[in-house]
Amino acid sequence: MSQNVIIKHMEKKITVAPSVLSADFSDMKKVLNEIENSGAGWVHLDVMDGCFVPNLTFGPKFIKDIREHSNLFFDAHLMIVHPEKFVDEFADAGCDSITVHAEACSDLRDILLKIKDRGCRCGVAIKPATPVSEIENVLDIADIVLVMTVEPGFGGQQIKKECFEKIRKLVSLRNGRNYVISADGGLKPEVIDEAVLAGLDVAVTGSAFFKAPDKVGFVKMMSEGSQK
Ligand code: DX5
Ligand code: ZN
């Protein structure tokens, strides 16, 4: 890692979004407290339907219930087919942002506008095989672009660093527009400097966060740079 990379990340503080996918669902009050006390600003909520991805998690009822116990930014990542059917439910549940997969939407622009209409930030996610060109026509309205750095469905996978190229592409296409670039899957201190150098703004982290014995130190490393 060159000195430039280190300085660059230390100059830029990114947002850290722990994904509760790797948490103990039987004690969500404790999990939310842990996230809050770690200094992370966002909670990443992975909604899976067993159809868009080969795994199942939770839906709006779970989010509504845990909303009662936290004021953190709730960042919902919908890995479901027909996400347009559920925008109202997730907005009513108290999500601050709702991110849908480009691969799951027949009218991506329409659903992003619907999310915005409900007062939430709208996000578009792309799987590792989906190029940025597929979502270029919605970059004028997207608040968040989520670059998947693993195949969606499971935590604890090895990062596909070749996806960082899409982060660089999104930076070059930004042209004064407001979207933040998030990445999801396999992010940990060993790779974070490279991701931030590519242009990352938000790091989703599941297994690495929940395994870290010192969560405050972990969030600081992810947010400010790992090479001190
Ligand atoms: C995977 C999920 C991720 C997952 C990341 O489909 O979208 O948010 O929780 O977990 P790690 O950080 O363990 O790869
Ligand atoms: Zn996710």
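Predicted model: local features only at pLDDT ≥ 70, side-chain atom pairs only at ≥ 80, totals over all residues.
Residues are numbered from 1 along each chain as its sequence is written, chains are lettered from A and ligands numbered from 1 in the order in which they are written, and side-chain values use heavy atoms, without hydrogens and water.

A cavity is a set of points, on a 1 Å grid over the protein atoms alone, where a 1.4 Å probe fits but cannot get out. Volume is the space filled by probe spheres set on the points, which are joined across faces, edges and corners. A search of the whole structure finds 1 cavity of 30 Å³ or more. The largest cavity is lined (an atom within 4 Å of a point) by Trp42, His44, Asp75, Thr99, Ile144, Leu146, Ser182 and Val204. Strands S2 and S6 (144-148) each supply at least two residues of this lining; strands are DSSP runs of E of at least two residues, and helices are runs of H or I of at least four, numbered from the N terminus.

The largest pocket is the space taken by ligand 1. A pocket is an open set of grid points with protein on both sides within 12 Å along at least five of seven lines, and a molecule sits in one if more than half of its atoms lie within 2 Å of its grid points. The largest pocket holds about 240 Å³ of space. Its lining has 26 residues, with Phe154, Gly155, Gly156, Asp184 and Gly185 nearest the centre. S2, S3, S8 and helix H8 (207-211) each give two or more residues to that lining.

Around ligand 1 itself stand 20 residues (a heavy atom within 4 Å), and the closest are Asp46, Gly153, Gly156, Asp184 and Ser207. Strands S2 (42-48), S3 (73-79) and S8 (202-205) each supply at least two residues of this shell, and S2 gives the largest share, 3 residues.

Polar contacts are pairs of N or O atoms within 3.5 Å. A backbone N or O atom of glycine 186 lies 2.8 Å from an oxygen atom of ligand 1, and a polar side-chain atom of histidine 77 is 3.3 Å from an oxygen atom of the ligand. For glycine 206, a polar backbone atom lies 2.8 Å from a ligand 1 oxygen atom.

Definitions and conventions
Polar contact = N/O pair within 3.5 Å; in protein donor to acceptor, adjacent residues only side chain to side chain.
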